[in-house]
Amino acid sequence: MSTPDEEAIAVVRRTLALCRAERDRPHSIAGDVQSQQAINQGWEPVDPDGEPMDLSILLEMKGPRIDFFDQQVITALDEGITQVVICGAGYDDRALRFRTAGVRFFDLDLPGVSADKKGRLATSGVDTSDLTLVPIDFRTDDVATALAASGHDGTKPTLFLAEHLFVFLDRASLVRLLEGLRSVASSGSRLAATLESHAGELDTATVIADFNKAFFGDITPMPSIYTREAFLDMFGSAGWEVEAPDVVSGVPHTETIDTEFVSAIA
Ligand SMILES: C[S@@+](CC[C@H](N)C(=O)[O-])C[C@H]1O[C@@H](n2cnc3c(N)ncnc32)[C@H](O)[C@@H]1O
């Protein structure tokens with residue numbers, strides 16, 4: 001039985017996958033250009049009330065974000081990285097779209113999501129031999145242990161991605177995840193992530209409460225919206241060196257919240 005928070009995340013997760021399929025995106029030579037459509041089988045763009053959703057409006061916001069993460073993968077593959085760990089992968093098709101000989105992809109998500117993605121991929125017949133699905137709950141499980149058990153090699157450089165994940169984690173889980181990833185990030189590894197940030201003059205607790213109330217009523221599926229400085233402190237304390245910390249890039253999320261694109265090195 002899923003909680004209201006989990007149901008809200010499920011709608012966001014599916015909508016993102018549908019947006020991804022609408023975008024003209026790059027792929028590797030051996031990559032699967034139809035993998036997102038294969039994963040999305042049977043879904044229609046509808047909102048939680050069942051009303052049709054106009055994805056073109058959403059894509060204005062999500063498009064640059066999708067492009068940012070695709071580019072991170074392209075750059076890493078060009079640099080010879082052989083491990084890509086996608087945290088909170090949801091129904092993201094990157095592991096298949098950027099399939100490359102000698103590169104292993106790890107998709108980490110909640111057990112129910114991992115199982116459903118596995119079933120969808122099996123039905124579609126897409127080649128998943130380079131993909132390891134890792135069921136995990138970042139609130140309770142240790143990411144370093146889960147990765148080691150899944151065949152990730154902490155002595156080799158890795159690209160870690162976290163697209164629209166951190167906002168769903170409570171602060172303690174987010175800090176633990178940053179530390180856990182850093183503990184298996186050898187030199188040459190990079191972490192790329194989105195952060196939902198608000199201006200320094202606003203009160204964090206009020207921003208979080210107002211945002212969740214406006215979009216989700218009485219539930220709080222998105223508990224981690226902080227100032228950029230607070231996020232950068234968390235990265236730094238966990239041992240991640242944020243690249244170009246003075247350069248802010250991203251897209252507006254709401255009037256008071258931005259979605260920032262950040263990369264950091266180990
Ligand atoms: C908004 S979706 C983003 C999915 C994907 N990264 C994308 O951009 O399409 C957030 C993802 O994080 C996952 N997630 C949220 N909380 C999690 C947790 N505690 N442990 C593992 N995954 C979690 C959700 O299941 C969901 O797939």
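**Cavities and cores**

Modeller: Happy to! By class, 5 nonpolar, 1 polar and 2 charged residues line the second largest cavity. This is a predicted model, where local features need pLDDT of at least 70 and side-chain atom pairs pLDDT 80 or more, while totals for chains, interfaces and linings use all residues. Residues are numbered from 1 along each chain as its sequence is written, and side-chain values use heavy atoms, leaving out hydrogens and water.

Biologist: Which residues line the second largest cavity?

Modeller: V11, R14, T15, L18, E44, P45, V46 and M53. A cavity is a set of points on a 1 Å grid over the protein atoms alone where a 1.4 Å probe fits but cannot get out, and lining residues have an atom within 4 Å of a point.

Biologist: And what lines the largest cavity?

Modeller: F138, D141, D142, V143, R176, L177 and G180. By class that lining has 3 nonpolar, 1 polar and 3 charged residues.

Biologist: Now packing: which residues touch the most other members in the largest nonpolar core?

Modeller: L108, F166, F235 and W240, out of 49 residues in that core. Such a core is a set of buried Ala, Val, Leu, Ile, Met, Phe, Trp, Tyr and Cys residues joined through side-chain atoms within 4.5 Å, with buried meaning under 20% relative accessible area (1.4 Å probe, protein chains only).

Biologist: What does F235 touch?

Modeller: Leaving out residues up to four places away in sequence, F235 touches F166, L178, L191, A193, L195, W240, V242, V262 and A264; contact means heavy atoms within 4.5 Å. Apart from this core lies another, of 34 residues, including L55 and F98.

Technical notes
Buried means under 20% relative accessible area, exposed over 50%, partly exposed in between (1.4 Å probe, protein chains only). On a 1 Å grid over the protein atoms alone, a cavity is a set of points where a 1.4 Å probe fits but cannot get out, and a pocket is an open set with protein on both sides within 12 Å along at least five of seven lines; lining residues have an atom within 4 Å of a point. Ala, Val, Leu, Ile, Met, Phe, Trp, Tyr, Cys and Pro count as nonpolar, Asp, Glu, Lys and Arg as charged, and the others, Gly among them, as polar.
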